[in-house]
Amino acid sequence: MTLKINLINIIFRLFLTMIISSVFSSFSISVLADDQKGKLLALSCTSCHGTNGLSPGAMPTLFGKTMEYIEQSMNNYKVDKLSATMMNRIAKGYTAEEIHLISKYFASLRMEKKMK
Amino acid sequence: MKKISRREFNRSIGTFGTFTTLKTIGIFPSILLAAQRHVVVVGGGFGGATAAKYLRMMDPHLRVTLVEPIRNYFTCPFSNLLLGSLKTMEELTHNYDKLQQKYGIRVIHASAVKIDGASKKVTLHDGVELTYDRLILSPGVDMRYDQIENYGTDDIRDIPHAWKGAKSTLILHKQLEAMSDGGKVIICPPPLPYRCPPGPYERASLIAHYLKRFKPRSKILIFDAKEQFPKQALFSSGWEKLYGHTIEWFNRSAGGLILKVDSKNMLVETEFGKEKGDVINIIPAQWAGKIARDSRLVDKSGWCPVDQLTFESKIQKGIHIIGDSAIAGSMPKSGFSANNQAKITAANIIALLNEKEVTPTSMANTCYSFLAPGYAISVSAVYQLSGNELVSVKGSGGVSSLKAELSVRRAEALYAQGWYESITNEMFG
């Protein structure tokens with residue numbers, strides 16, 4: 001009986017450790033489970049703009065940019081108010097809502113990093 | 001991005017250690033077992049390497065094994081720059097160290113020879129068996145040697161395809177270097193679908209650049225199995241500006257289709273007759289990588305039919321097929337597509353393992369092509385499911401403007417290099 005309780009205790013603690021470590025040691029995007037849609041859309045951006053929007057080369061970095069900046073730029077590219085080599089063609093593939101979610105997602109990475 | 005520190009890594013190893021202890025005394029609660037699901041990724045290229053990394057980033061409790069025979073991965077994207085003597089082998093070669101050390105992925109350098117979808121097992125060439133909860137298969141393409149008469153695997157030493165792997169690309173590069181001024185280079189692009197649709201024309205451009213510098217009396221003939229090719233107007237006008245009449249292109253109706261090859265005498269034969277080349281590059285027709293064909297995951301076309309939402313095979317449940325070998329609607333077979341499909345599939349698999357619904361999303365593709373150093377063009381599109389098929393979103397995408405100034409071509413060349421750094425960092429960094 002004592003053994004059983006001990007085991008339940010061990011299992012419970014293990015499980016707790018795993019939950020805690022999943023919160024603290026995991027990559028920041030897992031925290032944003034409520035915003036799955038924005039995260040999934042943003043995964044297309046990182047092929048050029050780098051994992052987490054951190055570009056190692058000539059592509060502009062999105063990490064650390066505000067939601068307003070990304071959203072406004074994308075909306076301006078969409079209607080050709082702003083002109084770039086590539087982004088006008090890409091922005092036209094997204095609705096205003098999708099652009100909002102993408103922008104919110106990248107901006108949230110900034111907040112997440114700040115908190116740590 | 002937060003790195004997995006050594007301490008955290010050791011802690012997770014410690015957790016595994018406790019699992020083992022619990023297992024040996026016969027207690028292995030299903031709730032803990034569930035936290036240790038195993039995803040095997042077969043193929044460590046643009047699809048597979050990205051998928052393995054993102055699986056671990058999105059769910060650090062997932063056990064991920066990556067099976068890839070090659071230790072030093074040479075990228076197909078940018079290999080045309082090597083042929084133009086603008087990049088070295090080292091600059092285009094990457095290893096799997098960080099995937100193991102930083103992300104805790106078990107990398108096995110072996111060939112997968114058999115997949116048994118019913119018992120969820122992968123067999124490696126040395127007999128080792130891996131069991132999985134979900135499998136990601138990203139085997140890339142294989143060349144077909146059953147389409148051109150008298151052309152087989154023995155001929156690729158003299159007539160390399162240079163369409164995958166370092167070895168074949170190096171052979172072609174050496175042949176170009178050894179060719180004397182005034183020589184004739186023949187390039188034969190395949191019929192669709194194939195890996196990297198604009199690739200053969202970027203190749204012609206960068207070989208032309210090399211010839212202009214070192215062997216200016218030489219010529220390039222393109223014998224094409226197609227009637228037209230991607231970014232054609234941009235390539236044609238660029239070729240005229242940059243290389244005059246060095247490159248001559250013959251489409252299928254103009255005798256572009258190669259019917260027969262004589263590698264001893266360096267001859268290709270078309271409907272219109274025989275042509276001798278000093279260097280010949282046949283890019284053969286392609287189909288899904290061997291492991292996909294051997295495991296009967298392909299349809300009559302030689303490619304893998306998948307559910308274009310989850311990328312799960314339509315033939316075998318539990319196996320997700322991404323990248324060049326998958327039939328992905330209008331998405332082209334490119335490194336970018338494979339990378340994007342990999343990330344979405346990683347997220348989908350985690351949802352499915354947790355019995356959650358898969359969220360439909362959109363994907364994108366961007367392909368840059370160099371016409372010369374500091375001169376690049378691009379094509380892009382955003383894709384979404386329409387019914388069961390991925391199609392490009394109306395009004396999105398397209399190619400670079402034909403009228404763009406040189407400064408735009410220069411900027412695109414800069415961004416092309418930036419893209420390479422970002423995407424290889426997504427895979428290996």
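Start by selecting residues 112–116 and 121–124 of chain B: these are strands S6(B) and S7(B), which pair in the antiparallel sense over four bridges. Keep in mind as you go that this is a predicted model. To see one of the pairings, click on B:Ile115 and look across to S7(B), where its bridge partner is B:Val122.

You have an open sheet of three strands in the order S6-S7-S8, with antiparallel pairing. Ignoring direction, neighbouring strands here are turned by 20° against each other on average.

Next, move to two helices. Select residues 48–58 (H3) and 335–353 (H10) of chain B, whose axes come within 8 Å and cross at roughly 40°. The two helices are therefore oblique to each other, and H3(B) passes H10(B) in a right-handed crossing. Show side chains where they meet: H3(B) contributes B:Thr50, B:Ala51, B:Tyr54, B:Leu55 and B:Met58, while the residues from H10(B) include B:Asn339, B:Lys343, B:Ala346 and B:Ile350. Coloured by class, this contact has nine nonpolar, three polar and one charged residues.

For the last stop, select residues 267–270 and 273–276 of chain B, strands S15 and S16. They run antiparallel and are joined by four bridges, and a hairpin links S15(B) to S16(B) through two residues.

Note on methods:
Residues numbered from 1 in each chain as written. Chains lettered and ligands numbered in written order. Predicted model: local features only at pLDDT ≥ 70, side-chain atom pairs only at ≥ 80, totals over all residues. Pairing = 2+ DSSP bridges. Axes fitted to C-alpha atoms, helices over the stretch in contact; angles between N-to-C directions. Parallel < 35°, antiparallel > 145°, perpendicular 65-115°, else oblique. Left-handed = near helix turned anticlockwise from the far one by under 90°. Contact = placed C-beta atoms within 7 Å. Nonpolar A, V, L, I, M, F, W, Y, C, P; charged D, E, K, R; others polar.
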